[in-house]
Amino acid sequence: MKKTRILFLLLSFVAVFAMVAGSFVPVAHADEKKTYEIGTDETFAPFEFQNNKGELIGIDMDILKAIAKDQDFDYKVKPLGFNAAVQALASNQVDGVIAGMSITDERKQKFDFSEPYFESGIVMAIKKGDDTIKSYEDLRGKKVAVKTGTEGFEFANANKDKYGFTLVPFDDSASMYADVRTGNSAACFDDYPVLAYGVKQGNGLAIVTEKEKGNSYGFAVNKGQNKELLEKFNAGLANIKANGEYKKIVDTYIGSETTQKSFWDLLVESAPALLLGLWYTIKLTLISLVFAAALGLVFGFLKVSRSKILRGIATVYVDIFRGIPLIVLAFFVYFGIPEALGFKMDATVAAVITLSLNAGAYITEIIRGGIQAVDKGQMEAGRSLGLPYGKTMIKIILPQAIRVMIPSFINQFVITLKDTSIMSVIGLVELTQSGKIIIARTFESSTIWLIVAIMYLIVITALTKLSNVMERRVNND
């Protein structure tokens, strides 16, 4: 009987162990598809831009969607802006890029390109109604707006000495067109389909030259990587060209006609996207300031410590992160660190790290200044009463120092909120980037920037008033 019980317990143990062990064995999913991350621009109509519902549409997006359906693969689009998308591909943050990217010999050295999916060309545009410029010879001594990293930039750069004009570079087409409309630049060069689409949408420009032969657009992956994705893209492109879907996509965007919208219509249509961008700006500011305050508190105390080594560590931290421009720090955190260490980083995480490190350095100095503003006799009095250093600092010094720090904290809060706009360079869709996206679709730069500026002003003024109330209450306690 005893042996039967032991055998039963042994079998039960083996059964339970097998069940538990089996739960850790990975289940094979034979039909599981790989999801590719694809980087793109979002201000390059008609190839990629957002409609009034916030959906990313355009020739590139529709071609990618059709090819993914034809080749049965999943993908996730990461709208980063052209320059950031190319850098993200180079640092393996994305698997591929489709952003109206011209296939050039220089880029072929770093990326593998698909078969060309669009034949482009360069044209010159001037302000509508300006009859003083009719050819390249009329540009002598004048400024010409160009978009960095584009074929139009390469063409203008190659001909600037021949025709005697200077270049004014921009990161997006909408800013470039606005510079010509305001008269700062006499003309601009851009890819034919982009400029033709913009003119039809009422961007205030007129094309005055014949199309120059240019390069073709291609889908890009990193050199020697994601070969299977490139093969799927080429196979899918051939199929959608053969069945007529490609032509249908291109005809949807090239040549569309629209009418100018009133200020009220534009405000109503843009409000949801702008309010969402504003909410993201506030969240990003608050989260970053929490981490920045923690960093500032730690290094602020190190700054006023009696140890030279601890003071030196805090000084190095402040000097490094206060001395590096915020945009450079953002690029380094988002592109440099993941590329060097071989991992991917979310853009929001990179933005929080960047803003926290930057604001933390300034808060360190705020805390140091606040503590040192308290009369030294206060510390001596506390110590003479037998209180230890830490208790004297917490009970006597800090309450007085906080009153001194509050105005500087409010100022840092406002600065960090405005600094979030710089994070748009790594693809974050906060308030400024939301404005850029709407302008890329509507070309109403003056109206949209006015709305964005008013939104910033209202929020910052409200927060400043609220902070002032808190300051008065603390000082009256």
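Me: Is Tyr163 buried or exposed in this model?
Reply: Keep in mind that the model is predicted. Buried means under 20% relative accessible area. Tyr163 has a relative accessibility of 11%, so Tyr163 counts as buried.

Me: Which kind of pair do the rings of Tyr136 and Tyr163 make?
Reply: Their centres sit 5.3 Å apart, with the planes at 55°. Planes under 30 degrees apart count as stacked and over 60 as edge-to-face, with the rest as tilted. An angle of 55° therefore makes the pair tilted.

Me: How many residues apart are Tyr136 and Tyr163?
Reply: Tyr136 is in the loop between β8 (118-127) and β9 (143-147). Tyr163 belongs to helix α5 (residues 151-163). The pair links distant parts of the chain, 27 residues apart.

Me: At what angle do α13 and α15 pack?
Reply: Helix α13 covers residues 347-373 and helix α15 covers residues 389-419. Their crossing is right-handed. The axes are 8 Å apart, and the packing angle is about 145°.

Me: How many charged residues are in the contact of α13 with α15?
Reply: Contact residues include Leu355 and Tyr362 of α13, and Phe409 and Asp419 of α15. By class there are 15 nonpolar and 5 polar residues, and the charged count is 1.

Me: Which residue lies over the face of Tyr389?
Reply: Over the face of Tyr246 lies Lys241, at 5.2 Å from the ring centre. For Tyr389, the distance to the ring centre is 4.5 Å, and the residue is Arg306.

How values were computed: Residues numbered from 1 in each chain as written. Predicted model: local features only at pLDDT ≥ 70, side-chain atom pairs only at ≥ 80, totals over all residues. Heavy atoms only, no water. Axes fitted to C-alpha atoms, helices over the stretch in contact; angles between N-to-C directions. Helix = DSSP H or I, 4+ residues; strand = E, 2+ residues; numbered from the N terminus. Left-handed = near helix turned anticlockwise from the far one by under 90°. Contact = heavy atoms within 4.5 Å. Nonpolar A, V, L, I, M, F, W, Y, C, P; charged D, E, K, R; others polar. Phe/Tyr/Trp six-rings, centres within 6.5 Å; stacked < 30°, edge-to-face > 60°. Buried < 20%, exposed > 50% of the residue type's maximum accessible area, 1.4 Å probe, protein only. Lys NZ or Arg CZ within 6 Å of the ring centre and 35° of its normal.
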